[in-house]
Amino acid sequence: MTKEKLAKEIVNRLKKEYPDVGCTLDYDQAWKLLVSVRLAAQCTDARVNVVVQDLYAEYPDVNALADAPVEEIERIVKPCGLGHSKAKDISGCMKILRDQYGGKVPDDFDALLKLPGVGRKSANLIIGDVFGKPAIVTDTHCIRLVNRMGLVDGIKEPKKVEMALWKLIPGEESNDFCHRLVFHGRDVCTARTKPHCERCCLKDVCAKVGVEQEL
């Protein structure tokens, strides 16, 4: 089976298995997703969703957060780890949104990359989830699973994985495909335990790269 045919099969099966998917970070405004994505680095989405409640209670909008002392932001977000750098980036982002974009998050990929602490993964998430444009989020689940499935061959660098997937995944499927990989990676194709291949919807097409086969 060619990679193109394999990709089509995987997309269709995951869509059937996980019909309703979305970002696991809670947000109701674009700027809040920008904050949460930064906090989620080396932290669980569940913890971020709790911590931001306290942050927004004190600083409910872009202007308030832009004016907030970095030390106060750090005090609140510290449970997410890397508190100082995350607080500094969040403060910098909010100031740019306030001063250059009228408090709005830009819908341009390159503009997003220029914001403090925003890399390709974060920019793609915002482009896809907020603005509904084609996006491929190469988080740890994505990189691990597409290598295991055989869609890419031993590529671990996020940008290279992203570029490879653009050639295989239709744009209109790209954003939800990446969300489905997260759900599949957590529920079935796990990282810290042996993957549950016996109940995987892809068991007959997955290359199972790196998975020990039972005799």
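**Exercise 1: A covered helix**

Helix H8 (residues 120-129) is mostly covered, with eight of its 10 residues buried. The model is predicted: local features need pLDDT of at least 70, side-chain atom pairs count only at pLDDT 80 or more, and totals for chains, interfaces and linings use all residues. Residues are numbered from 1 along each chain as its sequence is written, and side-chain values use heavy atoms, with hydrogens and water left out.

Task: state which residues of H8 are buried and which helices they pack against.

Solution. 
1. Buried means under 20% relative accessible area, exposed over 50%, and partly exposed in between (1.4 Å probe, protein chains only).
2. The buried residues of H8 are Ser 122, Ala 123, Asn 124, Leu 125, Ile 126, Ile 127, Gly 128 and Asp 129.
3. These buried residues pack against H2, helix H7 (109-113), helix H10 (158-166) and helix H11 (171-187). Helices (H or I, at least four residues) are DSSP runs, numbered from the N terminus.

**Exercise 2: Two packed helices**

Task: describe how helix H2 (residues 30-39) and helix H3 (residues 45-58) pack.

Solution. 
1. The two helices, H2 and H3, pack at an angle of about 125 degrees, and their axes are 10 Å apart. Axes are lines fitted to C-alpha atoms, for helices over the stretch in contact, and angles run from 0 to 180 degrees between N-to-C directions.
2. That angle makes H2 oblique to H3. Angles under 35 degrees count as roughly parallel, over 145 as roughly antiparallel, 65 to 115 as roughly perpendicular and the rest as oblique.
3. From H2, Trp 31, Lys 32, Val 35, Ser 36 and Leu 39 meet Val 48, Val 52, Leu 55 and Tyr 56 of H3. Contact means heavy atoms within 4.5 Å.

**Exercise 3: Aromatic pairs**

Task: state how many aromatic pairs a search of the whole structure finds, and classify each.

Solution. 
1. The search finds two aromatic pairs. Rings of Phe, Tyr and Trp (its six-membered ring) pair if their centres lie within 6.5 Å; planes under 30 degrees apart count as stacked, over 60 as edge-to-face and the rest as tilted.
2. Tyr 18 and Phe 183 have ring centres 6.4 Å apart and planes at 35 degrees, so this pair is tilted.
3. Tyr 18 lies in the loop between helix H1 (3-17) and H2, and Phe 183 in helix H11, so the pair ties together parts that are 165 residues apart in sequence.
4. Tyr 18 is buried, at 10% relative accessible area, whereas Phe 183, at 26%, counts as partly exposed.
5. Trp 31 and Tyr 56 have ring centres 5.2 Å apart and planes at 75 degrees, so this pair is edge-to-face.
6. Both Trp 31 and Tyr 56 are buried.
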